[in-house]
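Work through the two exercises below with the structure at hand, and try each task before reading its solution.

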Amino acid sequence: MKKELVSLLCCPHCKGNLDLIIESQEDGEIKEGLLKCLCGRTYPIKKFIPRFINSDLYARSFTFEWRKNKKTQLDSANLNQRSQRAFKNRINFELGDLKGKLVLDAGCGCGRYAEVVAESAGTVLGFDLSYAVDVAFENIGLKKNVHLIQADIFNLPFKKATFDFIYSFGVLHHTVDAKKAFMKLTGLLKPRATISIFVYSSYNKGIVYTSNFWRFFTVRMPKRLLYWLSFVSVPLYYLYRLPVIGNIAKMVFVISMEPDWRWRVLDTFDWYSPKFQSKHTHAEVFGWFKEAGLSDVSIFQDEVSMSASKPENN
Ligand SMILES: C[S@@+](CC[C@H](N)C(=O)[O-])C[C@H]1O[C@@H](n2cnc3c(N)ncnc32)[C@H](O)[C@@H]1O
Ligand SMILES: [Zn+2]
């Protein structure tokens, strides 16, 4: 953790300022310490990361997923720009516009999108419920414009109107209540700040139905077993590409159709392992944006992907 992060945080309970107590430092980062609030609550800094929760709760599958795939989707490790392209497809401004801005990555996982923001010279604060934050720290934590914390989207340690841009890609639908989680984020937008989200769509009823059936079993399986079962997507991909038979097979048992086999295994596990997985329509998500008082809604290709801004006087 960097010292200057304290000024961006507050007590998630009473919203009071936090005092920083440093116990040890390494590489210019605070390794162990404590954040203390006047209300009496304390939040430990462990392994370089402030912890506002003391377990990964229902997100254990994600701890497992990102520990197994520390760099699978990281542009700097793959020497490509796949995550950057996915990010750009969900915003309606230039990446360069993030320069000097304070950005929140809600549910940062291994940090692949935070890396994109950091490269654009924005300051990015990533949080995640799972121990994926430790993976993100290994990947990008030492960059001077990256901050990481472990926290729950429903109980965040930030004051209202803190961020210039907030994004949450592939996260809200894995919480207990996607709309409520979204509303929590919108309260953190500064006036004229933008939020961009991506959630699963519910349009393909066949896939929704069969996935719910399989997921009844898979979410209860040992993670290790399910992970190895996800490797079935490596050969199945070639069968699923055949006309007719492939389309029928997808309806019965959906797998990721990512051409890169490592992404395919990761995404297949990601589909069958999380405890919560909700799916949504554009009309529904548009309703959330309107209810939050946001304007200038943009809709992007890619399941349900939308952005909007907070008006000046909201
Ligand atoms: C599918 S991953 C997406 C990660 C990253 N946004 C990406 O696209 O690579 C979903 C992430 O949401 C996190 N998550 C789920 N529920 C959360 C919550 N209540 N608060 C914070 N993060 C949460 C999980 O731990 C997981 O890392
Ligand atoms: Zn407090």
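C14 is partly exposed, at a relative accessible area of 39%, where partly exposed lies between buried, under 20%, and exposed, over 50% (1.4 Å probe, protein chains only). This is a predicted model, in which local features need pLDDT of at least 70 and side-chain atom pairs count only at pLDDT 80 or more, while totals for chains, interfaces and linings use all residues. Residues are numbered from 1 along each chain as its sequence is written, chains are lettered from A and ligands numbered from 1 in the order in which they are written, and side-chain values use heavy atoms, with hydrogens and water left out.

**Exercise 1.** Determine which residues are the protein donors of the zinc ion (ligand 2) and what geometry the site has.

Step 1. The donors, meaning N, O and S atoms within 2.8 Å of the metal (3.2 Å for Na, K and Ca; water is not among the atoms, so sites may look incomplete), are the SG atoms of C11, C14, C37 and C39, at 2.2 to 2.3 Å from the zinc ion.

Step 2. The angles among the four donor atoms are 94 to 118°, and the site is tetrahedral, a class that requires all angles of four donors to lie between 85 and 135 degrees.

Step 3. Along the sequence, the donor residues follow the spacing C-x2-C-x22-C-x1-C. C14, in the segment before β1 (18-26), and C39, in the loop between β2 (29-37) and β3 (42-46), are 25 residues apart and link distant parts of the chain.

**Exercise 2.** Decide whether C39 is buried, partly exposed or exposed.

Solution. With a relative accessibility of 36%, C39 is partly exposed.

Technical notes. Four donors count as tetrahedral if all angles lie between 85 and 135 degrees; four count as square planar and six as octahedral if opposite donors are over 155 degrees apart and all others between 65 and 115; anything else is irregular. Helices (H or I, at least four residues) and strands (E, at least two) are DSSP runs, numbered from the N terminus.
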